[in-house]
Amino acid sequence: MKPTTRGTLAAVVTGVAATVGAAGPAAAAGTVPVPVPLGGVSKALHMEVPRLGAELPLLTPGAPDGPRYVTGRLLPDRTLPQVPLSSGLPGLDARAPLPHVLGDDFDHLDVVAPTSDVRALAPGLSVDAPLTAPRGDNLGLPDAKLPQAGVLAPVLRTVAGANVGTGSGL
């Protein structure tokens, strides 16, 4: 192997390892922290500016329940299955100065909304053909019947929470 090929291969392996190492903790946690750097603005303006930070959740699809075969139907139940998704509501951590609106003891406003889990099921579809199963007493021919269709409603489950407070000092 030539030295340039070895160097290129080492650079690629190093880049891949750095990318996997940086994304590993975020993927394991399920959220990606998003800091908003405002420190330079605070120093440039010589005043206190709001402190902001957020957490963005990662969407994780699950394995759908497969179609269920039911006796007497030509098409399976849950023809288009519901796909489970899990994620979270974005989190927020903010602290902003107040111009002593509420008095001298209240000069800051804090808002902390941690990420919370969200569990969802995508909508599904259940249909049946306008024919019955083949019948032995009718020479193996199916009978006609009314078609059936049903929409499986989406499901969303979460518990959200937040804390809002005021106080003095940083």
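**Exercise 1. Determine where serine 168 lies and whether it is buried or exposed.**

Step 1. Serine 168 belongs to the segment that follows β11. Helices (H or I, at least four residues) and strands (E, at least two) are DSSP runs, numbered from the N terminus.

Step 2. The model is a predicted one, in which local features need pLDDT of at least 70, side-chain atom pairs count only at pLDDT 80 or more, and totals for chains, interfaces and linings use all residues. Residues are numbered from 1 along each chain as its sequence is written, and side-chain values use heavy atoms, with hydrogens and water left out.

Step 3. Serine 168 has a relative accessibility of 53% and therefore counts as exposed. The classes are buried (under 20% relative accessible area), exposed (over 50%) and partly exposed in between, with a 1.4 Å probe and protein chains only.

Step 4. Leaving aside residues up to four places away in sequence, serine 168 touches Arg95, Asp105, Asp107 and His108; a contact means heavy atoms within 4.5 Å. Serine 168 and leucine 98 are 70 residues apart in sequence, and their C-alpha atoms are 9.7 Å apart in space.

**Exercise 2. State which strands form the open sheet, and in what order.**

Step 1. The open sheet has 5 strands in the order β1-β2-β5-β6-β11, and the pairing is antiparallel. Its edge strands, each pairing on one side only, are β1 (31–36) and β11 (163–167). On average, neighbouring strands of this sheet are turned by 10° against each other, direction ignored. For such angles, axes are lines fitted to C-alpha atoms, for helices over the stretch in contact, and angles run from 0 to 180 degrees between N-to-C directions.

Step 2. Strands of a sheet pair through backbone hydrogen bonds, either parallel or antiparallel. Two strands count as paired if DSSP finds at least two bridges between them.

Step 3. Strand β2 (residues 51–57) is joined to β5 (residues 91–97) by 5 bridges, and the two run antiparallel. Within this pair, arginine 51 stands opposite arginine 95, and glutamate 55 has glycine 91 as its bridge partner.

Step 4. On to the next pair: β5 and β6 (residues 108–113) are antiparallel and joined by 6 bridges. Here proline 97 is partnered by histidine 108 of β6.

**Exercise 3. Determine whether proline 61 is buried or exposed, and which residues it touches.**

Step 1. Proline 61 is part of strand β3 (residues 60–61).

Step 2. The relative accessible area of proline 61 is 56%, so this residue is exposed.

Step 3. Proline 61 touches Pro84 and Leu85, when residues up to four places away in sequence are not counted. Between proline 61 and serine 86 there are 25 residues of sequence separation and 6.3 Å in space, C-alpha to C-alpha.

**Exercise 4. Describe the chain as a whole.**

Step 1. The secondary structure consists of 2 helices and 11 strands. Along the sequence the pattern reads α-β-α-β-β-β-β-β-β-β-β-β-β.

Step 2. Of the 170 residues in the chain, 13% are buried.

Step 3. Among contacts between residues at least 6 apart in sequence, 64% join residues at least 24 apart.
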